[in-house]
Amino acid sequence: MIQVNHLQKEFRIHQARAGLGGAFRDLFSREYKTVKAVDDLSFSVEEGEMFALIGENGAGKSTTIKMLTGILNPSGGEIVINGFVPQKQREDYVRSIGVVFGQRSQLWWDLSPLESFRLLKSVYKVEEHEGQRWLDRLIEELDIGSFVSQPVRKLSLGQRMRCEVAAALIHKPRLLFLDEPTVGLDVLVKQKIREFLRNLNDTEHMTILLTTHDVTDIEALCKRVLVMDKGKLIFDGLLENLKEKWGNGTEVAFQFKKRTSAEELRTVLGELPCEIIRENDFALRVKVSRSQEMLPFVLSTVMASFDISDVKIMEASTEDIVRNIYSTDSEVVSHG
Ligand SMILES: Nc1ncnc2c1ncn2[C@@H]1O[C@H](COP(=O)(O)OP(=O)(O)OP(=O)(O)O)[C@@H](O)[C@H]1O
């Protein structure tokens, strides 16, 4: 459904010279530098996938979404979505997508969301009967019925965001883009929006792409994650593979009934890829890399060879992992 090949976006930005003399010289000749906001980005997406685009501030996520939604023209590369080239077949393309920008509204401030929905329905030429049934479903599932007739300016952020999501879906697009959809929302509203999106993906097979800084959004919604860093794609794969790659493995803490040394444990574990850390004479920790496949071996081997009084498995949280990725300068692209 989405095919992105070698996508590029460069911005030319004016660089002010330092000091009063510099400002004076700027009046006559300006110096520019080129920022590569998106640098050789390639990926493809199947219909019905729900995935997240993540990365630090300035990584290039918004620029990517703007190009995918046809708002910005790429400097190079190509995008084909649903058979459309967004920049070339703009009108037809826009009818096939829905967009929610967490920071910007597509609802009219002084009108009620319901009136905005009516306007959007006529803009998109939504068929009356079918369109009404779909809208009723959106209102019910997003639980916005009690305030959908009030002016938007009187709504709380959480109420407004749920109406924004309904507005983006009024024409039942096949593809939904959400840029920071849960930013600033309280936990309950976040949960409601996530539940709604999951259901939409399940029942309508809608393809959903979201950018987020909220790791709990990713865990709740996405199997697949794309990580951008300085305009480049540094990871494209499953969330569990992301954990493998940047999670420093899983740690297992063993409490032994008898004194056990790290050397004894190493002998038993042989060549298995793990690091052993001594806590005290009766406690050792084992850091297991490639934990998905290795953890069962490590557990069964140790349990079969020693008298164990306690075992604790400690997996790094997604939040730790994302922090880890952002603090590492990585060039690796992984397809998991
Ligand atoms: N209109 C613009 N003109 C010049 N530079 C821009 C413009 N838009 C973005 N940039 C630059 O491109 C780079 C990528 O920005 P972008 O907004 O895409 O990042 P982001 O990953 O969405 O960040 P954030 O999480 O803060 O929204 C940044 O260095 C930014 O300063």
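Student: How do the residues of the shell around the ligand divide into nonpolar, polar and charged?

Tutor: This model is predicted. The ligand is surrounded by F11, I13, V35, A37, G55, N57, G58, A59, G60, K61, S62 and T63. Since Gly counts as polar, the residues of this shell divide into one charged, five nonpolar and six polar.

Student: Which element gives the largest share of the shell around the ligand?

Tutor: The elements that contribute two or more residues to the shell are β1 (2-15), β2 (31-45) and α2 (61-68). The largest share is three residues, and the element providing it is α2.

Student: Is L176 buried or exposed?

Tutor: L176 belongs to strand β6, residues 175-179. A residue is buried if 20 or more other C-beta atoms lie within 10 Å of its own. Because L176 has 23 other C-beta atoms within 10 Å, L176 is buried.

Student: How far apart in space are L176 and T207, C-alpha to C-alpha?

Tutor: Leaving aside neighbours within four places in sequence, L176 is in contact with G98, A168, L169, M206 and I208. In sequence, L176 and T207 are 31 residues apart. Their separation in space, C-alpha to C-alpha, is 6.3 Å.

Student: What distance separates the centres of domain 1 and domain 2?

Tutor: The domain assignment of the protein chain gives domain 1 as 47-74 + 85-239 and domain 2 as 249-315. With the centres taken over C-alpha atoms, the distance separating these two domains is 45 Å.

Technical notes. Residues are numbered from 1 along each chain as its sequence is written. This is a predicted model: local features need pLDDT of at least 70, side-chain atom pairs count only at pLDDT 80 or more; totals for chains, interfaces and linings use all residues. A residue is near a molecule or strand if its C-beta atom, placed from the backbone, lies within 6 Å of it. Helices (H or I, at least four residues) and strands (E, at least two) are DSSP runs, numbered from the N terminus. A residue is buried if 20 or more other C-beta atoms lie within 10 Å of its own, exposed if 12 or fewer, and partly exposed in between; C-beta atoms are placed from the backbone. Two residues are in contact if their C-beta atoms, placed from the backbone, lie within 7 Å. Domain bounds come from an automatic or database domain assignment.
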